[in-house]
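This report describes selected helix contacts, the ligand surroundings and some backbone features. The structure is shown first.

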Amino acid sequence: MSKLAINGGTPVIKPGMIKSWPPISDKDRKMVMASLESEYHSHGPNCTAFATEFAEWNGNKFAINANSGTAALHMGIVGCGLGTGDHVLVPAYSWSSTATCVLHHNCIPVFVDIDFKTMNMDVKKIEAAITPKTKAIVAAHMHGLAMDMGAVMRIAKKHKLRVIEDACQAHGAMYKGQKVGTFGDCAAFSFNQNKCLCSGEGGMFVTNNEEVWNKAKQLWSFGETRTPEESRDYHAYALGWMYRGNDMSAAFGRAQLTKLDGYLKTQHEHASLLIDLLKGTPALILPNEPKGYTHNWYNFTSRIDMKAAGWTGNPAVFRNAVMKALQAEGAQVGVWQNFILPAMTVFQAQNAYGYGCPWGCPHTEPVKYDPEAFPGAQKHTDTHFGMTYPIRQPNTKAVVRATAKAFKKVFENLDQLDVEAITAPKK
Ligand SMILES: Cc1ncc(COP(=O)(O)O)c(C=O)c1O
């Protein structure tokens, strides 16, 4: 049993045991088919209803159904009135569009390192990153754990900064009992394949501020001021994109929204069970839910303690070997990010709108990105591996137990790993 599957042993998890996401019921089929057979296939009544129902579920006054979380983030930048040359603080570890949404409107991202423990932007490092040009913070709730929104809002108030919450991964996550997306000026949610609320692709922009909502709406639909439900004058009053969702996707999203609370309850139970089963596993750093926070367990992200593992070489190489060994056991794990954001070429080469813009525009102050300045993000990126579906419905506690067994088998037998052979490029 203890011979690792990567070395020819028997895998712990049988193929087909882990079910895929999201669970589809008659409700999804009925709602999507009704949309398909209706006369609306682009923006339609399901989009408007989805926005109303999501706003109600999350506790926001206003919502706009967008075609991605990235679109909703860009709407946040514009909704907050930011413009060319404004500096916007973003975490050094996240999805690329947490930072590139800032570039979309000619603003300049300024990175802040993360706190290794929470994986979120380190609130103790925010003030040191503020410049005279800083106008906003993108507060990303990574992997479903809310940022310390008490600290974020205190700093924002002190320095007169706007706050755009990147809640793309954090549906239902809470800070002190309050849902994310209700703290800042506005927030963005994503509904892509892996998200806790999946509508195929899609996003939602939410806010409690009517002025922010109106500005975001204009960007969302060609710079127009009238929504598709109103009598449009087809006049671009400002620069706009086409960020509208479509009716079928929204119908799917509405059906999934009715099940979201049940999904989140299961994820919470499964993550707690997994943590209980894995506590004390050598060299495994488990994710945690600090007191006062409610995790949504979008991604069960673990790290490897290299010192405890006895590895002194490149941490990412060892992590890749461990991950391959886990995958050979049938565990559904993967690396979420191979690069910290400031190391990505778009920032290193300052390669956005051409001619060095927006960094080189006359309204901007030059900003350089030194990847070495973000040790927390780098350590996390090199040592993490994540997992989504196994702790979600329709998977049961049996899958959680089998996953724990696979983790334990690998971590208790790290000495069996031939790291060089496992990670050597295939010929
Ligand atoms: C933290 C974060 N921000 C933004 C996004 C962008 O969302 P979307 O893929 O819907 O554009 C994602 C999802 O991929 C994400 O995980």
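In this predicted model, Val 322, Ala 325 and Leu 326 of helix H11 meet Ala 406, Phe 407, Val 410 and Phe 411 of helix H14, where contact means heavy atoms within 4.5 Å. The residues of this H11 and H14 contact comprise seven nonpolar, no polar and no charged. In this classification Ala, Val, Leu, Ile, Met, Phe, Trp, Tyr, Cys and Pro count as nonpolar, Asp, Glu, Lys and Arg as charged, and the others, Gly among them, as polar.

Because the model is predicted, local features need pLDDT of at least 70 and side-chain atom pairs count only at pLDDT 80 or more, while totals for chains, interfaces and linings use all residues. Residues are numbered from 1 along each chain as its sequence is written, and side-chain values use heavy atoms, with hydrogens and water left out.

**Helix packing**

Helices (H or I, at least four residues) and strands (E, at least two) are DSSP runs numbered from the N terminus. Axes are lines fitted to C-alpha atoms, for helices over the stretch in contact, and angles run from 0 to 180 degrees between N-to-C directions.

The axes of H11 (residues 315-328) and H14 (residues 397-411) come within 9 Å and cross at roughly 135 degrees. H11 is therefore oblique to H14; angles under 35 degrees count as roughly parallel, over 145 as roughly antiparallel, 65 to 115 as roughly perpendicular and the rest as oblique. The crossing of H11 and H14 is right-handed. A crossing is left-handed if the near helix is turned anticlockwise from the far one by less than a right angle, and right-handed if clockwise.

H14 also packs with helix H9 (residues 260-278), at an angle of about 30 degrees and with the axes 10 Å apart. This makes H9 roughly parallel to H14, and their crossing is right-handed. The contact involves Glu 269, His 270, Leu 273, Leu 274, Leu 277 and Leu 278 of H9, together with Lys 397, Val 400, Arg 401, Ala 404, Phe 407 and Lys 408 of H14. Its residues divide into seven nonpolar, one polar and four charged.

Helices H2 (residues 45-58) and H8 (residues 247-257) have axes that come within 8 Å and cross at roughly 30 degrees. H2 is thus roughly parallel to H8, and this crossing is left-handed. Among the contact residues are Phe 50, Glu 53 and Trp 57 of H2, and Asp 247, Arg 254 and Leu 257 of H8. The contact of H2 with H8 divides into nine nonpolar, two polar and three charged residues.

**Ligand surroundings**

The ligand is surrounded by 16 residues, of which the closest are Gly 69, Thr 70, Asp 166, Gln 169 and Ser 190; a residue is near a molecule if one of its heavy atoms lies within 4 Å of it. The table lists polar contacts, each a pair of N or O atoms within 3.5 Å.

| Side chain | Ligand atom | Distance |
|---|---|---|
| Thr 70 | oxygen | 2.6 Å |
| Asp 166 | nitrogen | 2.8 Å |
| Asn 192 | oxygen | 3.2 Å |

**Backbone features**

The peptide bond from Trp 21 to Pro 22 is cis, with omega near -5 degrees, and Pro 22 is in the segment before helix H1 (26-36). Another cis peptide bond joins Cys 357 and Pro 358, with omega about 10 degrees. Pro 358 belongs to the loop between helix H12 (345-348) and helix H13 (375-383). Lys 160, a residue other than glycine, has a positive phi near 55 degrees, and is found in the loop between helix H6 (149-159) and strand E5 (162-166).

How values were computed. Polar contact = N/O pair within 3.5 Å; in protein donor to acceptor, adjacent residues only side chain to side chain.
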